[in-house]
2 protein chains.
Amino acid sequence: MRLVVVGGSDAGISAALRARELDPAVDVTVVVADAFPNYSICGIPYYVSGDVAHASRLAHRTHDELVATGMRLRLDTTATRIDVPGHRLHVREAGGAQEALDYDALVVGTGAVPVRPPIAGLERLGPEDGVHVLHTMADTFALDRSLERLAPRTALVVGAGYVGLEMAEALTARGIDVTQVEMLPEVLPTVDPELGTLVHAELDRRGVHVLTGTTVTAVAPTPDGPARLRVEGNAGGEPTAWDVDIVLVVVGVRPDTDLLVAAGAATGPRGAVAVERDMSTGLDSVWAAGDCATTLHRQLGVTYLPLGTTAHKQGRVAGENAIGGSARFAGSLGTQVVKVFGLVAARTGLRDHEAAGAGFDPLTSQSSPDDHKAYYPGASPIAIRVTGDRGSGRLLGAQLVGALGTETAKRVDIVATALFHEMSVTGISELDLSYTPPLGSPWDAVQRAAQDWERTVAS
Amino acid sequence: MRLVVVGGSDAGISAALRARELDPAVDVTVVVADAFPNYSICGIPYYVSGDVAHASRLAHRTHDELVATGMRLRLDTTATRIDVPGHRLHVREAGGAQEALDYDALVVGTGAVPVRPPIAGLERLGPEDGVHVLHTMADTFALDRSLERLAPRTALVVGAGYVGLEMAEALTARGIDVTQVEMLPEVLPTVDPELGTLVHAELDRRGVHVLTGTTVTAVAPTPDGPARLRVEGNAGGEPTAWDVDIVLVVVGVRPDTDLLVAAGAATGPRGAVAVERDMSTGLDSVWAAGDCATTLHRQLGVTYLPLGTTAHKQGRVAGENAIGGSARFAGSLGTQVVKVFGLVAARTGLRDHEAAGAGFDPLTSQSSPDDHKAYYPGASPIAIRVTGDRGSGRLLGAQLVGALGTETAKRVDIVATALFHEMSVTGISELDLSYTPPLGSPWDAVQRAAQDWERTVAS
């Protein structure tokens with residue numbers, strides 16, 4: 001049994017590990033486009049910030065640890081074509097040498113590529129000009145070199161989603177004065193603006209210049225200007241401009257599907273490769289997983305929602321099935337969390353408009369219960385928005401913003417676990433959750449938020 | 001509709017609040033034995049330690065807040081007899097005046113009383129001698145007075161359960177040299193000794209002198225001794241003794257059932273008042289809730305397991321049903337957490353021997369996944385023991401010990417929520433939990449622990 005895996009990130013390595021774990025007789029080869037297998041791309045901002053001293057620390061597992069599991073790694077090797085009927089993967093090494101790898105099963109985890117928004121000049125500029133995107137380790141090293149070489153005093157970050165916020169914090173930690181531009185009316189648009197505004201205020205407190213409802217329209221080098229780059233934009237119809245030393249564009253990703261689409265794979269939402277719950281692609285003996293593939297959302301059905309946690313799960317399912325198993329991806333709830341300076345923002349399930357779009361009759365309530373008993377020092381409110389269906393009382397989702405140290409990340413996971421089981425909002429109060437005054441309340445914050453939803457819907 | 005509630009602690013006040021919330025026309029009177037309604041007895045150690053500046057801060061709600069909900073409070077009033085056929089509660093005020101309160105429904109939440117172990121001399125000694133138990137606010141003030149009056153340099157704490165450990169920390173925080181004596185082989189006997197030993201080591205690090213496998217046999221004043229009290233004990237068959245300034249006995253509680261038993265109520269495990277899932281007692285129009293009553297454990301059936309969280313839930317159910325509702329207590333999983341200096345220890349569900357006693361074929365595995373990605377500063381292992389049924393793969397319980405700041409308390413709640421839904425151990429890995437490198441891993445620590453259990457059972 002020869003399993004070939006394309007992609008050395010979360011999905012690919014998870015598939016390879018699972019196959020080796022279940023059947024040590026399987027011959028596993030992982031084709032990795034760069035020299036950084038199993039690197040945690042979610043950790044890149046913490047390398048840029050200086051929290052992670054050396055990039056090699058970002059590896060979930062070292063090269064040696066991966067090889068010790070019995071998998072073979074083909075680094076700096078690009079998969080160029082899948083010969084589906086022939087069960088062969090064509091690859092090209094960095095030096096140009098080409099080869100075809102026979103397989104019995106193929107798992108493709110090519111991931112995603114950064115979206116490049118329509119900014120005039122962006123297509124001509126790159127790291128040497130101080131203009132960066134950030135997705136791969138190569139992008140990371142290029143940014144690192146710019147930070148060394150240019151010693152920028154100022155930076156402009158385009159986008160205020162998860163990575164944009166983490167990078168604003170990272171660059172601030174490096175002593176750089178950061179301007180952050182977001183097209184939408186509030187930062188962190190994956191949560192409701194009522195909570196995004198709390199994150200916005202934290203950015204303000206930490207000295208990040210946040211501009212929402214603002215687009216970037218052009219970027220150009222300014223050899224004689226006050227800074228290396230002039231960035232032009234539009235704020236509510238008014239033209240505006242910024243002079244900065246570097247620009248970082250982090251406005252999301254799109255699935256990297258070229259290899260699979262060329263092989264005849266069908267696509268789904270956002271152009272991602274359509275996969276079944278067993279991660280099969282419809283192509284004979286070809287599975288796909290992670291950011292290149294569609295995701296089954298437990299509440300929305302098939303969607304595109306690239307997340308590292310999902311890539312790990314899908315990869316594990318694909319690896320099991322590629323060697324003859326019958327695993328099924330249980331589905332995502334879009335559970336996410338981000339640390340922004342001293343705040344933690346998290347969500348799981350659906351927001352109001354998403355729930356309405358899925359046919360529910362949603363109501364969202366907001367409350368701010370303390371993380372622990374007020375009498376014990378350090379109690380801090382967690383802003384919690386609970387979304388439920390008015391008619392059935394079914395829990396649909398929750399969003400939380402709390403200070404670091406309030407266990408906000410694992411509190412969203414309590415809700416995620418409840419959502420997994422399709423609980424009612426009322427049911428949350430029946431959960432037997434832990435309590436000690438320094439860390440909680442007799443009714444946990446998520447239960448108090450659920451009770452607030454019940455009162456809101458009754459009023 | 002006249003609702004009378006006996007007991008001003010968690011269960012009683014929860015019942016009164018719920019009744020008032022559901023029907024503002026209900027006349028609610030709460031009979032409170034002391035002057036401290038709705039005080040958080042779980043907070044007492046933090047008052048003793050000095051973390052809580054004034055005892056009044058321990059109130060979940062102030063007297064005024066309670067009255068504002070429309071309930072009537074009868075403080076310093078003892079319920080002496082229930083006239084079940086006459087629907088009357090006889091009470092006695094502190095001054096001796098007696099009265100009978102007519103009711104349509106009665107909820108009894110008399111709580112528990114501290115167990116007094118068979119220690120020679122204990123029956124003759126009290127606060128004036130520096131010998132204390134700790135359960136009520138009166139006990140707390142008595143201890144407080146002893147700490148002021150005696151300025152003890154040394155203390156002996158009998159018992160190393162939740163409250164014993166919290167009090168060892170509290171007295172240490174007050175600058176007192178603490179010796180802690182536990183009869184069983186390891187501290188915190190509600191978790192497996194493999195985790196208790198971690199708590200033991202933390203106590204050692206913080207200067208508490210911990211003696212396990214040791215019983216206290218006698219206590220006596222020593223007016224001419226090196227300290228105020230001489231305590232005698234037995235360590236593995238060898239007599240031993242300690243000279244200390246104060247003694248604190250915290251070895252658990254037993255249900256306070258005199259009122260209900262005298263009225264004819266049946267009792268169950270540990271002598272607690274037997275209640276149905278609707279908290280009815282079998283006596284006409286009489287409900288009971290909290291530490292005086294039995295608890296439905298979702299895995300063990302009817303048991304006795306006094307916990308503040310359960311008292312709140314049972315009280316809420318009793319309050320709803322007393323005024324005509326049809327609520328059912330969903331059951332406990334014995335979820336508990338305690339902070340011991342810089343550690344957090346938590347459990348939910350069953351341990352090996354408990355599961356075996358309940359007819360399962362349990363296996364427990366132990367692993368120590370980091371709380372978050374190792375490359376982000378401050379990562380710290382959480383010792384996690386997962387118990388599951390070998391045959392069915394069903395999740396049965398988990399125990400966790402981690403450092404403060406590792407979100408250990410809310411991680412046990414993820415498991416508690418999974419247990420509530422009778423998940424398999426394998427199912428834990430399907431949960432869509434949140435991830436960001438500073439706060440988690442792509443597979444959360446509880447998922448990695450579950451995967452470790454799967455490997456253990458397969459090996």
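The contact between the two chains takes 52 residues from chain B and 52 residues from chain A, where two residues are in contact if their C-beta atoms, placed from the backbone, lie within 7 Å. This is a predicted model, in which local features need pLDDT of at least 70 and side-chain atom pairs count only at pLDDT 80 or more, while totals for chains, interfaces and linings use all residues. Residues are numbered from 1 along each chain as its sequence is written, and chains are lettered from A and ligands numbered from 1 in the order in which they are written.

**How the two chains meet**

- On the side of chain B that touches chain A, the elements giving two or more residues are α8 (308–322), β21 (336–340), β22 (343–349) and α10 (408–420) of chain B; helices (H or I, at least four residues) and strands (E, at least two) are DSSP runs, numbered from the N terminus.
- The largest share of that side, ten residues, comes from α10(B).
- By class, the side of chain B that touches chain A has 27 nonpolar, 14 polar and eleven charged residues (Ala, Val, Leu, Ile, Met, Phe, Trp, Tyr, Cys and Pro count as nonpolar, Asp, Glu, Lys and Arg as charged, and the others, Gly among them, as polar).

- The axes of α10(A) (residues 408–420) and α10(B) come within 8 Å and cross at roughly 5°; axes are lines fitted to C-alpha atoms, for helices over the stretch in contact, and angles run from 0 to 180 degrees between N-to-C directions.
- α10(A) and α10(B) are therefore roughly parallel to each other (angles under 35 degrees count as roughly parallel, over 145 as roughly antiparallel, 65 to 115 as roughly perpendicular and the rest as oblique).
- Lys410(A), Arg411(A) and Asp413(A) of α10(A) are among the residues making this contact, as are Lys410(B), Arg411(B) and Asp413(B) of α10(B).
- The residues of this contact divide into four nonpolar, two polar and six charged.

**The parallel sheet of chain B**

- Five strands form an open sheet with parallel pairing, in the order β3-β2-β1-β7-β18; two strands pair if DSSP finds at least two bridges between them.
- β3 (72–74) and β18 (286–288) of chain B stand at the edges with a single partner strand each, so one side of each has no neighbour in the sheet.
- From one strand to the next, the twist averages 20°.
- Four bridges join β1(B) (residues 2–6) to β7(B) (residues 105–108), and Leu3(B) stands opposite Ala105(B) in β7(B).
- Helix α8(B) packs on the sheet, touching β1, β7 and β18 of chain B, and its direction makes about 170° with that of β7(B).
- Helix α1(B) (residues 10–22) lies across β1, β2 (27–31) and β7 of chain B, running at about 170° to β2(B).

**Antiparallel strands in chain A**

- β13(A) (residues 214–221) and β14(A) (residues 229–235) run antiparallel, joined by seven bridges, with Ala218(A) opposite Glu232(A).
- β14(A) also pairs with β15(A) (residues 238–244) in the antiparallel sense over seven bridges, and there Arg230(A) has Asp243(A) as its bridge partner.
- The hairpin of β14(A) and β15(A) has two residues between the strands, and Gly236(A) takes a positive phi near 60°.
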